[in-house]
Amino acid sequence: MKLATWNVNSLNVRLPQVLDWLQAQAGDDPIDVLALQETKLTDDKFPRAEIEASGHHVAFFGQKTYNGVALISRHPLQDVVHNIPGFEDDMARVISATVRGVRVMGAYFPNGQAPDSDKFVYKMRWLEALHAHVQSSLLHHPRLVLMGDFNITWDDRDVWDPVALAGTIHCTDVERAHFKNLLDLGLVDAFRQFDQPEKSYSWWDYREFAFRRNRGLRIDHILVSHDLRDQITACTIDKAPRKNERPSDHTPVVVNIALPIG
DNA sequence: ATGCCTCAGCTCCTGAGA
């Protein structure tokens with residue numbers, strides 16, 4: 001089973017790149033489920049027909065201008081849930097579904113803007129609610145994958161300049177403590193289960209030639225539950241789409257899990 | 001200096017992203 005996450009920063013702009021990328025991954029090891037973030041589309045404007053025409057199932061949950069999430073799958077998406085049950089939220093940030101017995105959660109974590117901002121307070125509340133939701137989901141779904149744009153770096157290896165950016169948004173101790181709380185539920189960061197190139201990032205600012213200079217952050221993650229961790233066979237960041245014309249500022253992260261999917 | 005890109009929308013500027 002091959003899963004991927006990609007913050008597309010507007011599906012309206014990036015739909016051709018998403019379809020091209022899925023097509024390029026096809027062959028003998030295609031993507032089974034792709035989680036998208038920042039679709040920035042209300043549900044009535046979601047390109048369902050184009051995605052279904054590519055041979056995929058799709059579930060989506062969006063809003064105007066900001067946020068918006070979707071799951072694109074080669075297999076049926078069962079028991080779709082929007083956002084975090086019981087957590088009042090007017091932003092479309094989470095979409096979950098069961099695919100071939102695996103609970104797949106795609107999430108767009110709040111950015112937080114700055115550690116002293118109201119948006120950071122919301123980010124902390126949201127992270128607490130997510131933790132409780134993942135904890136209860138694991139009771140029913142021991143095979144679970146949580147992936148998306150976390151807007152948190154795990155440690156200094158995920159930061160192009162950890163000295164200059166120490167304590168700034170995405171790099172604060174309190175954000176990383178929330179990340180650790182998720183791992184303490186028995187999840188593992190699939191990317192760090194393997195040796196990886198130094199300075200591996202998933203996001204680069206559009207400005208100042210950040211991608212060309214590899215000044216980035218690793219903020220897009222795939223967490224895999226204990227019951228599946230021994231079956232993870234690979235986890236990679238695919239930098240190719242960041243080189244496209246009009247790229248998203250994020251690039252896909254991909255995990256392979258050795259599961260018979262029929 | 002709070003910008004440098006990019007995107008959406010109450011579109012010729014602003015807010016937000018990270």
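In this predicted model, DNA strand B is surrounded by 22 residues, and S10, N12, K64, N111 and Y206 are the closest of them. Sorted by class, the surface near DNA strand B comprises nine polar, eight charged and five nonpolar residues.

Chain A contains 14 strands and five helices. Its overall dimensions are as follows.

| Property of chain A | Value |
|---|---|
| Box filled by the C-alpha atoms, along the principal axes | roughly 45 × 45 × 40 Å |
| Radius of gyration | 17 Å |

Of the contacts in chain A with a separation of 6 or more, 67% are accounted for by residues 24 or more positions apart.

In soluble globular proteins, nonpolar side chains tend to be buried together. In this model, the largest nonpolar core has 66 residues, and V145 and I222 are those with the most contacts inside it. Strand 7 (residues 102-108) supplies the largest share of this core, namely five residues.

The surroundings of I222 illustrate how separate parts of the sequence meet. When residues up to four places away in sequence are not counted, I222 touches L3, T5, V145, M147, A190, F191, C235, V253 and V255. One of these partners, V145, is named together with I222 as having the most contacts inside the core.

Conventions
Residues numbered from 1 in each chain as written. Chains lettered and ligands numbered in written order. Predicted model: local features only at pLDDT ≥ 70, side-chain atom pairs only at ≥ 80, totals over all residues. Near = placed C-beta within 6 Å. Nonpolar A, V, L, I, M, F, W, Y, C, P; charged D, E, K, R; others polar. Helix = DSSP H or I, 4+ residues; strand = E, 2+ residues; numbered from the N terminus. Rg over C-alpha atoms; globule rule 2.2 N^0.38 Å. Contact = placed C-beta atoms within 7 Å. Core = buried A, V, L, I, M, F, W, Y, C linked by C-beta atoms within 7 Å. Buried ≥ 20, exposed ≤ 12 C-beta atoms within 10 Å, placed from the backbone.
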